[in-house]
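My notes follow the structure.

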Amino acid sequence: MKIYNIALIGFGGVNRALTELIATKNSLWERDLGFRLNIVAVSDLYLGSVISPNGLDAKTLIEANFAKGGFGRLSGGSAEADNETIIKSAPVDIVVEATFTNPKDGEPAISHCRWALKSGKHVVTTNKGPVAIAAQELKALAKANNVHFEYEGSVMSGTPVLRMAEKTLSGAEIKGFEGILNGTSNFVLGRMENGLDFASAVAEAQALGFAEADPTADVEGLDVRLKVVILANELLGANLKPEEVSCEGISKLSPSDIDAAAKANSRWKLIGSAVRNADGTITGSVAPKQLPLEHPLAGVNGATNAVSLNTELLGSVTVTGPGAGRTETAYALLSDIVAIHNARSGSLAKDAA
Ligand SMILES: NC(=O)C1=CN([C@@H]2O[C@H](COP(=O)(O)OP(=O)(O)OC[C@H]3O[C@@H](n4cnc5c(N)ncnc54)[C@H](O)[C@@H]3O)[C@@H](O)[C@H]2O)C=CC1
Ligand SMILES: N[C@@H](CC=O)C(=O)O
């Protein structure tokens, strides 16, 4: 049985949810997946950092109500978040990057990934910045250092779309996609349909753990823009940069726009899409669209996301599932670790034989 020592960078909703899963499910994973996870280091801007080479107790990490700089009170702890030392020096196999997504330049998360990969550590991340802005560089670094860079949760949280497409749609010739790719804005639009005002709906999405640290990224479409870039680059072989994707969010939609749509048997949805043009170029966009109720994406509600992949050989293939949520996103990290474990232990090859 394998034990993976891990470092958590960022200890917010997602990495706390992963810690909770570790506290409750390690024995199940040992039996069913063939590994356990051992948290050896944690670093968080607010709490500080801590390293314990033998491992930290996951239950204690979750239950202790640490104040600002609180890791400083732990043995091996410091009130400052020394990410660089933790990432480069902690004796871990996997760095779990779940700090905030910076839609402008992806930092400091890109540096976190770079440090880890250069130190010969696998990276699993739900952070969209490094994937949308620096995937090529980080994949090359991973390859050069014989480690993995995995990021299933960067699009549609724990709902498998990147790995599903890579593993099961090879040769289907994906020509484009359109989807609902932000849980917060979809949740907000639904709550506004029920009469709630915009600000209260955003506050609810924050309380439920769906929203970004700065929810402007959700409601102005910046988060979807990163996801469009990731999907286009991964599934269509594009080389898009965020600034090349046109972007409009939902913040200008008023209650009367929402009512008018309902009266016309339709609904506003924030749609991210990309298409391969006749000349081979790829165009991406993010914009609110008024969809008739019978449209397949019109019935996707709350923090659920959905993406319809337009393929040459299969027609339209739609994947739907949670697009945000702490535990749902922590599951994406687990699925990345399972992918690493299977690749390293050769169990997929054995299954296929
Ligand atoms: N919550 C969700 O539903 C989903 C989140 N994501 C992404 O996962 C990541 C984590 O999300 P959440 O946990 O919900 O965010 P969060 O805001 O709850 O937690 C982020 C944590 O990172 C810490 N942090 C910020 N900058 C840091 C730095 N430079 N060094 C160390 N720690 C730092 C903050 O103190 C905070 O505790 C984000 O990038 C987010 O975009 C992706 C898919 C879904
Ligand atoms: N804030 C994002 C979280 C997942 O990426 C969302 O609401 O979809």
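For the tallies below I count Ala, Val, Leu, Ile, Met, Phe, Trp, Tyr, Cys and Pro as nonpolar, Asp, Glu, Lys and Arg as charged, and the others, Gly among them, as polar. I am working on a predicted model.

Largest pocket. I read a volume of about 920 Å³. I find 43 lining residues, with G13, V14, A98, T99 and F100 closest to the centre. I sorted the lining into 14 nonpolar, 21 polar and eight charged residues. I looked up which helices contribute: α1 (13-32), α7 (183-193), α10 (222-235) and α12 (326-345) each supply at least two lining residues. α1 gives the most, with four. Domain 1 (2-157 + 327-352) and domain 2 (161-324) both line this pocket, so I place it between them.

Second largest pocket. I read about 400 Å³ here. I note 18 lining residues, and E150, R163, E166, K167 and A339 lie nearest the centre. β7 (149-150), α6 (162-168), α10 and α12 each give two or more of the lining residues. α12 gives the most, with five. My tally is eight nonpolar, three polar and seven charged.

Helix pair. I checked α4 (109-118) against α5 (128-144): the angle is about 10° and the axes are 10 Å apart. That makes α4 roughly parallel to α5. On the α4 side I list A109, I110, C113, R114, L117 and K118. They meet P130, I133, A134, E137, L138, L141 and A142 in α5. I count 10 nonpolar, no polar and three charged residues in this contact.

Conventions
Residues numbered from 1 in each chain as written. Chains lettered and ligands numbered in written order. Predicted model: local features only at pLDDT ≥ 70, side-chain atom pairs only at ≥ 80, totals over all residues. Heavy atoms only, no water. Axes fitted to C-alpha atoms, helices over the stretch in contact; angles between N-to-C directions. Parallel < 35°, antiparallel > 145°, perpendicular 65-115°, else oblique. Contact = heavy atoms within 4.5 Å. 1 Å grid on protein atoms, 1.4 Å probe; cavity = no way out; pocket = protein on both sides within 12 Å on 5 of 7 lines; lining within 4 Å. Points joined across faces, edges and corners; volume = space filled by probe spheres on them. Domains from an automatic or database assignment.
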